[in-house]
Amino acid sequence: MISLERVSLVYEDHGREVHACREVTLDVQPGEFLGILGPSGSGKSSLLYLMSGLKVPTSGSVHWRGDDLAGMGDEVRAQIRLKEFGFVFQYPYLIGYLTALENVLVALPGEDRVSEAERLLTALGLSEHMRRYPHQLSGGQKQRVCVARALLGSPAAVFADEPTAALDHTSGRGVMGLLNEHRGAGALVVVTHDPVMLEGADRVIEMEDGAIVS
Amino acid sequence: MIVLAVMLIAGIVSLINSIPLSIKVIYAYSKQYVAVTPRGNPFLTPLFMKVVEEESPVELERVMVIRGSGVEVKSIVGNWPFVVLGLEHSDMDYYLDRMSSEVVEGRLPEAGKPEAVISETMSRNLGLGIGGILQKPDEAESFSPMPVKVVGIADGENWFAFTSIEYQLENHFPNIDAFMAFAKSPADQLKLDNWTEEQLAGQNAQVFTYRQLEEQADTMFTILYQILNVVIGTLVVVITLMMGMLINIFLSQRVQEFGLLQALGYTKRGLLRRVLVETTIFVVGGWFLGLAVAFGLLNLVKVVLMDPKAFALDTTDWSAYSYSLPVPVAIFVVSLVTVWVKFKKFDPVGIVERRLV
């Protein structure tokens, strides 16, 4: 479904060349739970952003269902992210002036997904908090809203970048469990430095210095 | 801030516009006739009258000999001189008719008596009712050797005051007759005015027409309007800079939101469109609200302060409201530039990774 071939990402940081990814070749299968493990700065987040079309590789190619993501225009890539992918980021970003329910609906604008969003929030234990604003929610609750947002519309792939980093261990495991449980038939790609969070993963790859080491 | 700026500019310009407007309103009676006084030789009046009567290019309805004395009326910028006409009794009804007016309270002045008819607007302006004193022996600017009592009040929008010509002949100097010529059709009056000015140019005559008055009122305020333009221009620049800073702060606070949405799959173009729509609503809404507040306040000022003194104020003066247009335009342009600069180097990954927030 997602295929990376000899993908590299190089960028300049304060005049220094940084190799975030070095010739990575990888396939993600439909419905697969792929864990990407590695220490900070190993390039795992960069790899996730390359896979999801948020970044374009310096060399190599990323294919989504056979089409080269880099060859598409920005707007087409954005459309794929909106319709086919779900995202959970390290920090539980929510829009402050929207309720939890409205924040979930942001994932698919212009579509009537209220009952699906309500169902997801209820399944994630937030039935009492749907009309609350982000400042009225705890960190764990916010991240669960982010999980619901990522799962809305049953995306083909959900990308999670250190989704438990801002949470305590118990909440983190809870969020990971919910993400895995409610992703349906979609693939799940999770980047983390904590192997415990990848319990239940179909495959785990380890990265170091921009390359897959195991 | 937009609302306050628009309200302030529209309000100030309306009030300043009310000064030349007042001149045109107070002396609007001169639209109805052309007046001529001799200069240097008081015996020239019959000669000039004859010229006008015999050579006028338009049909005349009446030419009347008059006298004049002075009184002061109040305006928002101090007192202004105003003529109290001395009319033949037989001309009074005609004069009232040309002013689209009639005596609604009291009566006409008797010949030779210190009595006057004033318009309702003058009555309000000077606070004079029937029995009030229009001119006094002890007032330099509204002088008459005897107290001139108001015996009649006439309705309508025109400002005027008249006594009998006999009273003025006996009591007011210099001893010079003037005359007023009325075109039969009011539509021809301007033609008559222009012709009289041209015909008597260079002769010992002074011609008074409404066109001259309008011209003088417009030139008199040229410098004032130039100063006003500089002040408003400065105000617009200051407000625009402040708004630009506020918009910049506002957008910076929303960078996280835009980064998140772009990461989720919203296009940069779509987000830009959204911000522009919001900015347009904000700026245009602020402008309209400012205009509405200015309109409301001006009406309040008109009812409470201006109307009781018959001061002119046009609360639907679109030229005054249009002065505030540079405010939303400048703010909109600054907003566009700010939004464009913000979005130009926008990196959603940097936002969601918290490197840029």
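**View 1. Confidence across the elements of chain A.** Helices (H or I, at least four residues) and strands (E, at least two) are DSSP runs, numbered from the N terminus. Over chain A the mean pLDDT is 91, and 100% of the residues reach 70 or more. The model is predicted: local features need pLDDT of at least 70 and side-chain atom pairs count only at pLDDT 80 or more, whereas totals for chains, interfaces and linings use all residues. Residues are numbered from 1 along each chain as its sequence is written, and chains are lettered from A and ligands numbered from 1 in the order in which they are written.

**View 2. The open sheet of chain A.** Six strands of chain A form an open sheet with mixed pairing, in the order β6-β7-β8-β3-β9-β10; two strands pair if DSSP finds at least two bridges between them. Because β6 (85–88) and β10 (211–212) of chain A stand at the edges with a single partner strand each, one side of each is left without a neighbour in the sheet.

**View 3. The pairing of β3 with β9 in chain A.** Strands β3 (residues 33–37) and β9 (residues 203–208) of chain A pair in the parallel sense over 4 bridges. Opposite Leu37(A) stands Glu206(A) in β9(A).

**View 4. The side of chain A that touches chain B.** Contacts (C-beta atoms, placed from the backbone, within 7 Å) join 15 residues of chain A to 13 residues of chain B. On this side of chain A, α1 (44–51) and α2 (74–84) each supply at least two residues, and α2(A) gives the most, with 5 residues.

Key
pLDDT = per-residue confidence, 0-100. Contact = placed C-beta atoms within 7 Å.
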